[in-house]
Amino acid sequence: MKTRLLFLLPFCLVLAHAPAWAGAQKEEALSANVASAMSRSISDVNAPRLVFDDPRLGQAWLAEMSSRLQKKIPDAWMRERLLTAIQYESTRAGLDPQLVLGLIQVESGFNKYAISGAGARGLMQVMPFWPRHIGTPRHNLFDLSTNLRYGCTILRHYLDIERGDLYRALGRYNGSLGKPEYPDLVVGAWKRRWAWTAPPSLRMAGDSLPRAR
């Protein structure tokens, strides 16, 4: 493990200064009920795991997504750790993991140390005001699991506000509500790059598959 960390350190230091494609989520007042619900979601400290009705589906999904992500993240251990966390945090927030993969591709290019011009941080480009509202100052938005938990919780919040309207929710997430460019980019990346269907041999194993709708 020590050798792995030493190998990855120079790579991470370079990525820390890479720019990110992101807008600026708007800092808005939250009702006490909403803030409390989001805070409970953020406080979940369960270790990420693949959430599938059939473990064979999980392994098929992980293998396929890992293959697609290999050029971005060459280290197999890091890829599987990231993908497991994405699938877990997306599912617990009621989001399609394939959508979240598309959002991360657009927001940060899978750079966990990305910082936008507006100050958004990490894989899902979370604005630094969020820990004040729903977390604690100790929360590190560059931490993989913490960033994904915040990002998925925030996107779920925006979907609830917009009553399931994905395009408007994505506009809120990027701080570009009413403009089509960002939602089109995310949905395009989701459906062209990350859409997934289970192999025919496993297709009868269950209906809870992460696929583009």
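Predicted model: local features only at pLDDT ≥ 70, side-chain atom pairs only at ≥ 80, totals over all residues.

Me: Which residues meet where α3 and α4 pack?

Reply: From α3 come Trp61, Leu62, Met65, Ser66 and Leu69, and they meet Arg79, Glu80, Leu82, Leu83, Thr84 and Gln87 in α4.

Me: Why does serine 66 count as buried?

Reply: Buried means under 20% relative accessible area. Serine 66 has 8% relative accessibility, so it counts as buried. This serine sits in helix α3. Leaving aside neighbours within four places in sequence, serine 66 is in contact with Arg79, Glu80 and Leu83.

Me: Now the other pair. Why is α2 called roughly antiparallel to α7?

Reply: The axes of helix α2 (residues 32-42) and α7 cross at roughly 150 degrees and come within 9 Å. Angles over 145 degrees count as roughly antiparallel, so that is the word for α2 and α7. On the α2 side, the contact is made by Val34, Met38, Ser41 and Ile42; on the α7 side, by Arg149, Tyr150, Thr153, Ile154 and His157. The crossing of α2 and α7 is right-handed.

Me: What is the span of α7, and what is expected?

Reply: Helix α7 (residues 144-161) has 18 residues and reaches 26 Å from its first C-alpha to its last. That is close to the 26 Å expected at 1.5 Å a residue.

Me: How do you know whether α7 is mostly covered or mostly open?

Reply: Count its buried residues: 15 of the 18 in α7 are buried, so the helix is mostly covered.

Me: What caps the N-terminal end of α7?

Reply: Aspartate 143 does, with a side-chain oxygen 3.4 Å from the backbone nitrogen of serine 145. Just after α7, arginine 163 takes a positive phi of about 50 degrees.

Me: How many helices and strands does the whole chain have?

Reply: The protein chain has 9 helices and 0 strands. Buried residues make up 48% of its 213 residues.

Conventions:
Residues numbered from 1 in each chain as written. Heavy atoms only, no water. Helix = DSSP H or I, 4+ residues; strand = E, 2+ residues; numbered from the N terminus. Expected span 1.5 Å × (residues − 1). Buried < 20%, exposed > 50% of the residue type's maximum accessible area, 1.4 Å probe, protein only. Polar contact = N/O pair within 3.5 Å; in protein donor to acceptor, adjacent residues only side chain to side chain. Contact = heavy atoms within 4.5 Å. Axes fitted to C-alpha atoms, helices over the stretch in contact; angles between N-to-C directions. Parallel < 35°, antiparallel > 145°, perpendicular 65-115°, else oblique. Left-handed = near helix turned anticlockwise from the far one by under 90°.
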